[in-house]
Amino acid sequence: MRQHPPEFSMTCIVNSAPVVQITAAVKHYRAPEGHAVRALDGVDLCVGGNEFVTLLGPSGCGKTTLLRVISGFEALDGGELRIQGQQMNEVPPHLRPVHTVFQNYALFPHLSVGDNVGYALDIRGVAKAQRNRQVADALELVGMAGLEKRKPGQLSGGQQQRIALARAIVNKPALLLLDEPLSALDRQLRQSMQRELKNLQSELGIAFVFVTHDQEEALTMSDRIVVLNGGHVQQLGSPEDIYDRPANAFVAGFIGESNLFDGSVTRHHGDAVEFLTAQGDTLRLRRADLAPGQKLQAMLRPEQFHLACPGDPARHACLEGRVLQQVFIGKDFELSVRTQHGSPVKAVLRAPSRELMGTLEAGARVQLWYATDAPHLLLA
Ligand SMILES: Nc1ncnc2c1ncn2[C@@H]1O[C@H](COP(=O)(O)OP(=O)(O)OP(=O)(O)O)[C@@H](O)[C@H]1O
Ligand SMILES: [Mg+2]
């Protein structure tokens with residue numbers, strides 16, 4: 001059983017030289033009400049040179065604070081920040097090889113697209129011909145070539161987002177920070193921008209640190225995800241790690257739907273153990289290493305429950321209950337069940353026939369089975 005995946009340690013386990021190394025980062029704010037807010041409370045994070053890392057967590061967990069610390073708009077109260085191996089704690093924002101894309105795009109409304117994108121180059125006094133070439137290249141990369149003369153007000157939301165991206169990459173930063181850049185877009189545009197952003201990141205070969213509230217977005221786009229809560233890293237790992245092997249009940253509950261059973265191991269049963277839940281249901285777990293008396297939480301995702309118990313019980317175990325509700329979720333059905341002993345269980349049935357679902361109305365008896373090696377275990 002593991003509580004944290006190996007990447008959780010302070011060591012960088014990434015395939016390329018780290019662009020960001022944060023060690024024991026602490027950031028306090030003094031709230032106007034007088035008390036201190038520990039927005040970051042000992043955060044360790046390492047980002048590889050061409051990694052797509054997503055910060056995910058509930059409102060107020062410290063995502064924006066962490067981005068602002070990396071970009072230099074906030075100073076750390078404790079800990080260390082290194083970018084490309086160099087200590088950056090005291091380095092001002094404009095001297096860091098970092099650019100931030102904000103949720104509201106922050107374009108200058110009175111400047112043309114070309115001047116918005118070229119702004120940072122103009123400030124640095126880059127020669128006109130080179131400046132124009134870089135602006136054209138950046139616009140080309142985001143699929144907005146030829147719109148240099150428009151004003152931001154003459155563009156759609158998605159186009160404004162692309163301009164904000166072009167402005168961010170024109171300076172060829174080593175690291176792009178993106179704070180909920182897609183949250184203002186409608187679902188369809190958001191999905192196509194997700195793909196574009198991911199392509200852009202691999203084309204540029206630079207690191208992205210991306211903030212989102214949206215777990216689906218995090219799971220589909222990221223190489224690794226940092227789950228934050230209350231200024232603490234709850235887990236740092238690949239999308240598969242986070243989804244299949246959440247480090248604790250917070251992550252299990254925050255990412256995807258989960259059925260969490262509290263209880264303790266009662267006895268050995270062949271190469272498995274019996275696990276009695278607090279509600280009184282018995283689960284079987286194919287884990288011979290667990291000793292009777294061991295308290296833990298067992299997690300099963302809704303899609304790990306299947307209908308109608310198989311005849312051969314060697315690798316499977318059943319729960320019986322009654323249907324509370326069935327909900328059509330677009331080809332699949334979500335079934336809410338109450339077990340014999342009263343535990344609520346959610347199961348997702350993949351594209352079942354309408355005829356079958358007709359037999360699973362509220363009140364119907366139902367048998368659900370799961371593979372005995374499916375439950376993910378969390379130490380209580
Ligand atoms: N300037 C500030 N003064 C006081 N407290 C602050 C300040 N900025 C942020 N905080 C507090 O620090 C904590 C972390 O805020 P942060 O903006 O990093 O959260 P977040 O994860 O980005 O949230 P959201 O998803 O809502 O954007 C919150 O409790 C917030 O109220
Ligand atoms: Mg924020």
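1. Basis. Residues are numbered from 1 along each chain as its sequence is written, and local features of this predicted model need pLDDT of at least 70, while totals for chains, interfaces and linings use all residues. Side-chain values use heavy atoms, with hydrogens and water left out.

2. Largest pocket. The volume is about 700 Å³ (a pocket is an open set of points on a 1 Å grid where a 1.4 Å probe fits, with protein on both sides within 12 Å along at least five of seven lines; lining residues have an atom within 4 Å of a point). The lining holds 21 residues, of which H94, V98, H99, A120 and N171 are the closest to the centre. Strand β6 (98–101), α2 (113–123) and α4 (157–169) each give two or more residues. The lining divides into 12 nonpolar, 5 polar and 4 charged residues, with Gly counted as polar.

3. Second largest pocket. This pocket has a volume of about 240 Å³ and is lined by D214, Q215, E216, L219, Y243, G256 and E257. Helix α6 (residues 215–221) supplies the largest share, 3 residues. The lining comprises 2 nonpolar, 2 polar and 3 charged residues.

How values were computed
Chains are lettered from A and ligands numbered from 1 in the order in which they are written. This is a predicted model: local features need pLDDT of at least 70, side-chain atom pairs count only at pLDDT 80 or more; totals for chains, interfaces and linings use all residues. Grid points are joined across faces, edges and corners, and a volume is the space filled by probe spheres set on the points. Helices (H or I, at least four residues) and strands (E, at least two) are DSSP runs, numbered from the N terminus.
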